[in-house]
Amino acid sequence: MMKLKYITFTILLSLTACSDDFVDVESQDENSENFFSSEEDYQRALIGAYDLLQSTYLNVMLGEIASDNTLAGGESATDVIGIQQVDDMIHTPSNVQLRDIWSWMYAGVNRANYILEFQDNIDFSNKSNVLGQARFLRAYYYFELVKWFGDVPLAVDTRILFGDEYDRSPKAEVYAQMEADLLFASQNLPYTQIQTGRITKGAALALLGKVYLYQDKFTEAASTLDQLINEGPHDLFQNLTLLFENDNENTQESVFEVQYTDLEGAGFDCLQCSEGNVAVGFNGPRNFNGPMFESGFSFNVPTQEIYDLYTDDDLRRDEYILNIELYADQNQDYNNGAGVTWTEGFEHTGFFNRKYIPRQGDSNIGDQNLTNPNNYRSIRFADVLLMAAEAHNRGNGNDATARTYLNRVRVRAGLDNITSSGSELTDAIYLERRLELVGEGHRFFDLVRTNRAAGAIEGFVPGKHELFPIPLIEIQLAGNRWAQNPGY
């Protein structure tokens, strides 16, 4: 199957700053009122809506760094100061990276809404599939916005244009819209799409289950996730050694995967323009010289604590976290006995996020640290099983089903079955989520939604750090209509 390749779609979707060098070229802009006149037009706009998924590399990286799983790292204490601030819980409304998340997620919302604003222009046989994908994408981007910022402006089936005045909508209203979008998507999408990387019914059910779980709607979450587990085509990929390698993308474990390529590079002046996974380069060991991996900027370094939480018989520990000293000992003969070398960065722990660090063998077009092709496994079947286990355990007390789901993940890791019940089982599920999903950007939000963040994250202030600040410039552009999140 052909793999979905995202492209930047610019027809009336964004404004671009240009230099003062003018040339006579034929305009490629089209009037939006006349644009949607064929299925091809809708498909082109849909690819544009997918494109902003690639910018979620930042959400993933900061979702780990804000938690107790990893430290900011980098070259020094001032290397990308916004990332360092999030790590230390001293971020402010002027944080550049937080504004990027806000801007890029709203760009995604606007691109999905662009399609839905003109959804009634024409009819075609594949229309419900296209609209299902667009509504999933809108829900995905809004889910990220609510996770990070709480109450946010809600636009439905219309673009937010410069000068439009929107108030922040209560997050309950935004969640309700997500639920409606994902129900529509789950009812109008197939479990298998013709093109690899397209959103499926399974992705819609999984995200819907997660949206329910984040609202403590455990009964709804359990039912939705059970449907996917029992009816869908997904299963655990049994070989942990290969699970996160580039040759094993879009396996049966990937319920939804953000597609990246190394076919076109980018630069630091437009990180969101990269078709590669920028976080992969940021995560890599600094000045690395050795087999299998390549160099990076040594950000997002796992802590000793998370490494030590794995038992010695847990197959995941050294597949999910690279112990650089152990790796060097195992490859002493590399380069005619010169061995593996690297440079220690800021907050060096000796560990790296092995799931998402640069691998040898990609084409490295442009800056090799910005164009890595490793897909982000946004929703894995292991995550689905653990969400369903939590929903059954915390909701209806169906601990037998919860244990069944939890133990499927544990057995794949080479561990014994869990037999506990009640609150002990809840704690076991929480721990399993941490161990299984380390490095994937979920930890901070898991801690917040289960009210455990204050006891786990150094510097976390209850009543403040559950949310991140609304970017100051956005409040100013909205005419100072919005109140800032508490504590900022």
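Tutor: Helix 5 and helix 6 run roughly antiparallel to each other, a label used for angles over 145 degrees. Helix 5 covers residues 96-117 and helix 6 covers residues 127-149; they pack at an angle of about 155°, and their axes are 9 Å apart. The axes are lines fitted to C-alpha atoms over the stretch in contact, and angles run from 0 to 180 degrees between N-to-C directions. Helices here are DSSP runs of H or I with at least four residues, strands are E runs with at least two, and both are numbered from the N terminus. The crossing of helix 5 past helix 6 is left-handed, meaning that the near helix is turned anticlockwise from the far one by less than a right angle.

Now to the side of each helix that meets the other. From helix 5, the residues taking part include L98, W102, M105, V109 and L116, and from helix 6 they include L131, R135, R138, Y142 and W148. Contact here means heavy atoms within 4.5 Å. Sorted by class, this contact has 16 nonpolar, two polar and three charged residues. In that scheme, Ala, Val, Leu, Ile, Met, Phe, Trp, Tyr, Cys and Pro are nonpolar, Asp, Glu, Lys and Arg are charged, and the others, Gly among them, are polar.

A word on the ground rules: this is a predicted model, in which local features need pLDDT of at least 70 and side-chain atom pairs count only at pLDDT 80 or more, while totals for chains, interfaces and linings use all residues. Residues are numbered from 1 along each chain as its sequence is written, and side-chain values use heavy atoms, with hydrogens and water left out.

Next, follow N283, which sits in helix 10 (residues 278-283). N283 is buried, with a relative accessible area of 2%; buried means under 20%, exposed over 50% and partly exposed in between, using a 1.4 Å probe and protein chains only. The side chain of N283 makes a polar contact of 3.3 Å with the side chain of N300. A polar atom of the N283 side chain also lies 3.0 Å from the backbone oxygen of Y356. A polar contact is a pair of N or O atoms within 3.5 Å; within protein, one must be able to donate a hydrogen and the other to accept it, and residues adjacent in sequence count only if both atoms are side-chain atoms. Beyond four places in sequence, the contacts of N283 include M61, F299, F352 and I357. M61 belongs to helix 3 and is buried there; in helix 3 (residues 57-65), nine of its nine residues are buried.

A203, in helix 8 (residues 201-214), is buried at 0% relative accessibility. Its partners beyond four places in sequence are F136, V255, F256 and I379. The C-alpha atoms of A203 and S378 are 9.6 Å apart, although 175 residues separate them along the chain. T200, in the loop between helix 7 (171-188) and helix 8, is also in contact with V255, and T200 is buried at 10%.

Finally, look at the backbone. Most residues other than glycine have a negative phi. N287, in strand 5 (residues 286-289), has a positive phi of about 55°. N480 also has a positive phi of about 55°; N480 lies in the segment after helix 18 (472-477) and is exposed, with a relative accessible area of 56%.

How values were computed. Parallel < 35°, antiparallel > 145°, perpendicular 65-115°, else oblique.
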